[in-house]
Amino acid sequence: MSRSTDPGHFFQTDTSQEEIARRAVKSRNTAGNPTKLSSKLLAIAADPEDAGRVHEDEYVGHSDFVKTLLCITINSRDLLISGGADAVIMVWDIDTGRKLHTLKGHTRGIQDLALDPLSYPDYGSSPKALIVFSAGSDREIRRWSIAADSAQEIGEPIQERPGPPEPIVQHETSVYKLYFDTDADLWTASADNTAKHLVRDRAWGEDTSLEHPDFVRDVVMDARGGWIITACRDEEVRVWDGGTGKLHHTYTGHFEEVTGLLLVGTIVVSVSIDATIRQWSLAPGELRKAKEEAGKVRDGGEEPVKPPVKKSLLTTEEEAELAELAELMDDSE
């Protein structure tokens with residue numbers, strides 16, 4: 001068990017005999033063609049403009065976990081942006097490893113970074129500045145104008161008083177993921193059990209809210225099929241109709257929290273704390289077949305194994321004490 005200095009960042013494990021037995025059953029489930037992993041990885045980023053080179057630099061500066069990374073190119077310079085559980089965003093020169101900027105505004109850990117597609121010019125040109133959105137455990141979404149020689153927060157000023165630009169606040173608690181769709185509007189995934197569609201032309205007002213039984217950890221969009229795909233802490237991968245907001249199908253296979261999604265063509269790749277990577281098809285025929293088979297299971301009275309919703313009964317202080325105790329136990333082993 002690990003502990004972070006981010007006030008809302010703790011890991012809790014249910015080790016009851018019933019839970020151990022349930023995981024043992026689901027761990028043998030081959031749905032989604034699972035691939036086993038051997039260790040934890042918190043963040044990874046690829047630089048498509050620099051695929052042929054290998055960098056061995058270390059970027060040292062954060063005082064807590066690095067939760068998210070983003071590679072961008074500005075004025076022909078390759079930059080790395082990192083967001084940490086220390087509530088700090090840092091901008092680095094990839095070639096030299098030098099830190100260019102330190103951005104502060106969030107009051108809790110940074111969960112995700114996303115490049116505003118409308119800030120990027122036509123393919124092949126290199127802008128002098130780009131706009132990056134950040135999401136945090138403080139439920140805020142902030143916007144930053146980043147250049148090689150300067151960086152600052154942007155947005156509408158807070159009404160009736162001076163101060164920093166006003167963040168986007170549409171969730172009740174931590175925002176885990178930001179995803180821009182083909183209209184350059186924003187989809188968000190949150191610990192308030194929702195994934196939301198925020199519309200740019202409505203000052204980032206909410207258009208759609210997809211309700212889940214537990215934390216939503218990731219969201220992606222299949223523009224060709226019109227599907228919204230979400231990853232949830234209840235171990236499921238859900239496929240939603242992007243036009244109606246109705247749940248179309250639930251892919252079941254993971255036996256621990258699903259933490260991330262990647263869309264590759266018509267294949268959704270999901271990663272989980274259960275140390276597996278699984279694949280789910282959005283191809284019309286295969287998705288229809290999966291939905292029909294799930295219906296047959298329900299009609300036959302054989303309900304698929306469904307995990308209980310993991311709601312903590314502990315206060316934040318009690319969770320902190322539990323995490324500290326577990327950390328001490330880990331150190332003693």
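**Entry 1: Phe 133 and Phe 180**

I looked up burial for Phe 133 and Phe 180 in this predicted model, and both are buried (under 20% relative accessible area, with exposed over 50% and partly exposed in between, 1.4 Å probe, protein chains only). The model being predicted, local features need pLDDT of at least 70 and side-chain atom pairs pLDDT 80 or more, while totals for chains, interfaces and linings use all residues. Residues are numbered from 1 along each chain as its sequence is written, and side-chain values use heavy atoms, without hydrogens or water.

Next I counted aromatic pairs and found 6 in the structure. Rings of Phe, Tyr and Trp (its six-membered ring) pair if their centres lie within 6.5 Å; planes under 30 degrees apart are stacked, over 60 edge-to-face, the rest tilted. The ring centres of Phe 133 and Phe 180 are 5.2 Å apart and the planes stand at 85°, so I noted this pair as edge-to-face. Phe 133 is in strand S7 (residues 129–136) and Phe 180 in strand S10 (residues 175–180), so the pair ties together parts 47 residues apart in sequence. Strands here are DSSP runs (E, at least two residues), numbered from the N terminus. I also saw that ring pairs link Phe 133, Phe 180 and Trp 204 into a cluster.

**Entry 2: Arginines over rings**

I checked for charges over rings (NZ of Lys or CZ of Arg within 6 Å of the ring centre and within 35 degrees of the ring normal). Arg 217 lies over the face of Tyr 176, 4.1 Å from the ring centre. Arg 233 lies over the face of Phe 215, at 3.9 Å from the ring centre.

**Entry 3: An open sheet**

I traced an open sheet of 4 strands, antiparallel, in the order S2-S3-S4-S5. Two strands pair if DSSP finds at least two bridges between them. Strands S2 (66–74) and S5 (99–104) are at the edges with a single partner strand each, so one side of each has no neighbour in the sheet. The twist averages 20° from one strand to the next. I found 5 bridges joining S3 to strand S4 (residues 88–93). Ile 81 has Val 91 in S4 as its bridge partner.

**Entry 4: Leu 79**

I then placed Leu 79 in strand S3 (residues 77–84). Leu 79 is buried, at a relative accessible area of 0%. I listed its contacts (heavy atoms within 4.5 Å), leaving aside neighbours within four places in sequence; among them are Leu 70, Ile 72, Val 91, Trp 92, Leu 100 and Ala 148. From Leu 79 to Thr 96 I noted 17 residues in sequence and 10.0 Å in space, C-alpha to C-alpha.

How values were computed
Axes fitted to C-alpha atoms, helices over the stretch in contact; angles between N-to-C directions.
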